Amino acid sequence: MIRPCRFPDPTLFPYMPLLEVTDLRTGFDTDYGRVVAVDGVDFSVERNKTLGIVGESGCGKSVTALSVMQLLPRPAGNILGGSIQFKDRELVEATPDVMVDVRGDEIGMIFQEPMTALNPVQKIGRQVSEVFILHKKMDKATAREASIDILEKVGIPSPEIRIDEYPHQLSGGMRQRVMIAMALGCKPDLLIADEPTTALDVTVQAQILKLISDLQAEMGMAVILITHDLGVIAETCDEVVVMYGGRIVERAPVLELFANPQHAYTKGLLRSIPRLDRKRKTKLPTIEGNVPSLDKMPSGCRFSTRADIEHDEASITNRPAYGEISPGHWVEKCPYCYQPD
Amino acid sequence: MKPLLSVENLKMHFPVKGGVFLRSVASCKAVDGVSLMIHEGETLGLVGESGCGKSTLGKCMVRLLEPTGGRVDYDGSDITHMKRHDLLPKRRDLQMIFQDPAESLNPRHTIGEIVSEPFIIHGIGDRQERLAKVGELLEKVGLSASAAEKFPFEFSGGQRQRIGIARAIALNPKMIICDEPVSALDVSVQSQVLNLMMDLQSDLGLSYLFIAHDLAVVRHVSDRVAIMYLGKIMEIADADAIYENPRHAYTKALISAIPIPDPTKREDPRFLEGDVPSPINPPEGCAFGHRMDHPKWKESVGMDLALREVGPGHWVQPCPCCTNL
């Protein structure tokens, strides 16, 4: 049976999500047994919108992105359940052949460290034109032309010279631009940017974020921006997902999240960042303790080991319900971490 | 007030070797004529983009690098070219905390061995006394004394940085050079470590040189802030003055590039094109005016660009392009 296409024309259904992730669970098999790094995550992104995923290291934000791209390290990493609907396709069950077509063509990805993500022994041109040769079936000469075009678009000066250089000849910001050029070469519908600016200076970070949002406005793609920097989230995103210990603790439109955070972890994160308007040399509010390792995570409220309020036995062992408290604002309703007033 | 540590016209030029015989063909001017001072109990923030020479400057101050020009004075004595033997007692007072706690702790040593090493080097106490001291230090930085028997990999990033801090305060130093101490840490842990550093400062009367690229963090912990660009100081002033009344175009650009964690205050940052140029063959005149391709940059070539005082304790590099002085 031919499945009817669910997205006949994106302009007719602009509010249909482009990517819809439901109850995604991803685990890793280790010597000590299975560790669930992403434990039931739901979110969706629409065209032209930017979704921010924020959380500390080890919270599962990168594993979520790798699951969508099916780039998990095999055989240890596996999607255990849930669904990833991208346009009219189910990516969880997609064969490797299908994913090769999707990756780089319909979904582009930028990685954190442009130094390690680029091949140091290949010229820039060869790495950028690969996407055109692979997905657009161009010959080498046309692919080279297309590469020069896209390099120019991402703001690399004199791209016709740069194209014959090696990654080490470029600065960090320029390398990240090359990564963006590779990710956007085929005009993808979705761009996943995993900590795209963490390794860069603030000034270059501002350039790169501006570039991504300009290209988004031009191409109309959806962007998933993964970061630990709430400042970057506030400046660029439409909707925010806050992750902790492999679960979403809160999800809301950006204005709502910053104005009206509900979960204790979100509140703690927002309080603990040094701001320019805070009195100098005063004690910063903190979140006590450290993120427990995944095998020591409580099965109930994951934040219970660090929250200010002592949790009872039931909330530590039973997973709290996750629900919508106002339109678009979702919270994990642990009775201690979520206390509506 | 007498400065605890001061540097005068400090230069650190690394030779760039090339050619068949590896002769030095050029020099990389990582630090190129920096003068500043740090007073007792004060925190001086040092900010700049990567490659501006801020870490090199920090290393010159504790003589991990031997500067190629200028002088470093510590507590009234010139330590620029002091012999190793004479320098050792000074090193007790001058300690350093490094950026990456995973790389600056020897993975094969226990925490006890790492933290007691300063005592061994300086021949302080016997084994028992050292053990007791280590326990005390670990508790002071918020770890348990039993951590002494563990290895670095058993700790998280924030805890490792606490161990690095325990090692740095072991000998009751007067001054600590902190090279990006919280850059590698998560937000919630970063504030814990910053609080610890501020507590230790008021308990032990420490002075800090706080090197970082996060301006919001620097502002929070510093009394004064110096802005560095391409091996030179562009502006130095009280922390409040730098943020409320920046005078140099580079300082303004840096401040405007900080993402503000408030979605109601979105604005386009004042745009700063390009990257930091290479410190090999830096441009003449005002280096930042050159990057901005400012029409008045040419006028700054050949000018005296020594810092000028524009307000009480507020020094800035005068040039027609960036400061209009």
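## Lys265(B) and its partner

Lys265(B) has a relative accessible area of 44% and is partly exposed; that class lies between buried (under 20% relative accessible area) and exposed (over 50%), with a 1.4 Å probe and protein chains only. Its side chain meets that of Asp262(B) in a salt bridge, at 3.9 Å from N to O. A salt bridge here is a side-chain nitrogen of Lys or Arg within 4 Å of a carboxyl oxygen of Asp or Glu. Asp262(B) is partly exposed too, with a relative accessible area of 21%.

## Basis of the values

This is a predicted model, in which local features need pLDDT of at least 70 and side-chain atom pairs count only at pLDDT 80 or more, while totals for chains, interfaces and linings use all residues. Residues are numbered from 1 along each chain as its sequence is written, chains are lettered from A in the order in which they are written, and side-chain values use heavy atoms, without hydrogens and water.

## Other salt bridges

Side chains of opposite charge can pair when their charged atoms come close. Over all chains, the count is 29 salt bridges.

In chain B, Arg71(B) and Asp73(B) form one of them, at 2.6 Å from N to O. Arg71(B) is partly exposed at 36%, whereas Asp73(B) is buried at 12%.

In chain A, the closest N and O atoms of the salt bridge between Arg25(A) and Asp39(A) are 2.9 Å apart. Arg25(A) is partly exposed, with 29% relative accessibility, and Asp39(A) is buried, with 8%.
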